[in-house]
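Hi there,

Here is the structure I promised to pass along.

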Amino acid sequence: MNDLEQLVATAQAEFDASPTPAELENAKARYIGKSGRVTELLKALASAPVEVKKTRGAEINQAKLRIEAALQARRESLADAELQAQLRAEALDVTLPGRRRGSGGLHPVSRTIERIEAIFGSMGFDVAEGPEIETDWMSFTALNNPENHPARSMQDTFYVDLKDEGGRWLNLRPHTSPMQVRYARAHAARHAGAATMPEIRVIAPGRTYRVDSDATHSPMFHQCEGLWIGENVSFKDLKSVFIEFVRQFFETDDFDARFRPSYFPFTEPSAEIDIAFRSGPLAGRWLEVAGSGQVHPNVVRNYGLDPEKYIGFAFGMGPDRLAMLRYGIDDLRLMFDGDLRFLKQFN
Ligand code: PHE
């Protein structure tokens with residue numbers, strides 16, 4: 001190997017051993033820079049005879065070209081390595097299983113309320129919602145509760161540390177019945193002075209509160225009020241509407257229903273509605289599903305309507321209990337614990 005080949009080989013080796021572009025440029029300077037070894041060889045040639053200049057000059061330039069080619073090759077491979085490293089650093093691992101967005105679902109009570117709304121909706125009932133913090137008048141007085149009725153007591157009803165304009169404590173509504181009054185009053189006011197008033201047909205589902213807590217009672221629970229008022233609405237309409245509701249809700253005709261005499265201040269006569277399935281796990285057991293009755297004339301008056309002209313019925317049922325019966329849940333508290341293992345079963 002002559003000296004030039006040796007020079008090319010060592011330059012090549014140094015370039016290949018340069019781990020970074022900066023070190024590569026330093027190595028380049030040692031060979032083809034201003035005072036690099038190739039440059040020195042060319043300078044030394046200046047004083048040589050013409051013949052030598054020609055052949056040796058051509059050889060040195062040849063060597064220089066090869067060194068430049070080696071430099072360029074190394075530059076490219078360093079740039080390429082850097083690009084590869086960058087791509088690796090920014091790489092997305094597409095083989096990783098995706099993180100899926102958990103899909104939400106409806107609570108069994110929400111499903112039940114939607115079902116109730118759909119069934120009564122198909123029978124021409126409007127759906128109304130109202131406040132959970134109520135006045136004494138809406139929760140009790142307008143509903144014909146006497147001043148000393150036990151429902152008004154602190155043992156049964158939660159009170160809020162705020163008073164209404166009349167100086168009475170506000171309550172967390174113990175039932176949805178105040179919505180009868182709110183809805184009927186708004187309806188009556190809207191049609192005041194008109195010769196005829198369209199019938200009132202509404203259900204009002206929502207949260208209700210009572211001082212009560214065990215396996216079958218939760219201090220917060222749900223009710224759904226129903227009200228149908230017109231000029232000629234009778235108890236038989238209540239029976240047919242409610243039995244049709246039960247039939248559609250449980251998707252069966254295989255049950256008996258009874259209207260058991262009861263008492264509510266706001267209805268007269270009053271009845272508890274019980275049903276008993278004729279087959280299935282609950283066969284033969286009477287289950288109380290609603291309170292109901294013909295709306296008391298005093299309450300119709302509080303709607304702002306004439307009780308001599310308008311008559312009808314109301315009922316109140318518990319969507320929580322209906323959900324438990326429909327899904328076979330035996331402890332009410334499961335409904336409100338928020339345990340996903342329980343809730344996921346309904347979605
Ligand atoms: N509000 C009654 C209750 O909470 C239920 C009911 C509603 C009864 C309407 C009659 C009419 O028990």
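Let me start with a question: are helix 5 and helix 10 roughly parallel or roughly perpendicular to each other? Before the answer, please keep in mind that this is a predicted model.

The axes of helix 5 and helix 10 (residues 319-327) are 9 Å apart, and the packing angle is about 100°. An angle from 65 to 115 degrees counts as roughly perpendicular, so that is how helix 5 and helix 10 sit relative to each other. On the helix 5 side, the residues that meet helix 10 are P108, V109, R111, T112, I113, R115 and I116. Their partners in helix 10 are P319, D320, L322, A323, R326 and Y327. Sorted by class, this contact of helix 5 with helix 10 has eight nonpolar residues, one polar and four charged.

Helix 5 also packs against helix 8 (residues 235-250): their axes come within 10 Å and cross at roughly 130°. Helix 5 and helix 8 are therefore oblique to each other, and their crossing is right-handed. Here helix 5 contributes T112, R115, I116, I119, F120 and S122, while helix 8 brings V241, F245, Q248 and F249. The contact of helix 5 with helix 8 is made up of six nonpolar, three polar and one charged residues.

You will find M123 in the loop between helix 5 (108-122) and strand 1 (126-127). Leaving aside residues up to four places away in sequence, M123 touches R201, V241, E244 and F245. M123 and F245 are 122 residues apart along the chain, yet 9.1 Å separates their C-alpha atoms.

Now for the aromatic rings. The structure holds 16 aromatic pairs. One of them joins F15 and Y31, which are edge-to-face, with 6.2 Å centre to centre and 80° between the planes. F15 belongs to helix 1 (residues 3-17) and Y31 to helix 2 (residues 21-32), so this pair ties together parts that are 16 residues apart in sequence.

Finally, the overall layout. The protein chain is divided into domain 1 (3-89) and domain 2 (108-346). Taken over C-alpha atoms, the centres of domain 1 and domain 2 are separated by 95 Å.

Happy browsing, and do write back with any questions.

Best wishes

Methods
Residues numbered from 1 in each chain as written. Predicted model: local features only at pLDDT ≥ 70, side-chain atom pairs only at ≥ 80, totals over all residues. Heavy atoms only, no water. Domains from an automatic or database assignment. Helix = DSSP H or I, 4+ residues; strand = E, 2+ residues; numbered from the N terminus. Contact = heavy atoms within 4.5 Å. Axes fitted to C-alpha atoms, helices over the stretch in contact; angles between N-to-C directions. Parallel < 35°, antiparallel > 145°, perpendicular 65-115°, else oblique. Left-handed = near helix turned anticlockwise from the far one by under 90°. Nonpolar A, V, L, I, M, F, W, Y, C, P; charged D, E, K, R; others polar. Phe/Tyr/Trp six-rings, centres within 6.5 Å; stacked < 30°, edge-to-face > 60°.
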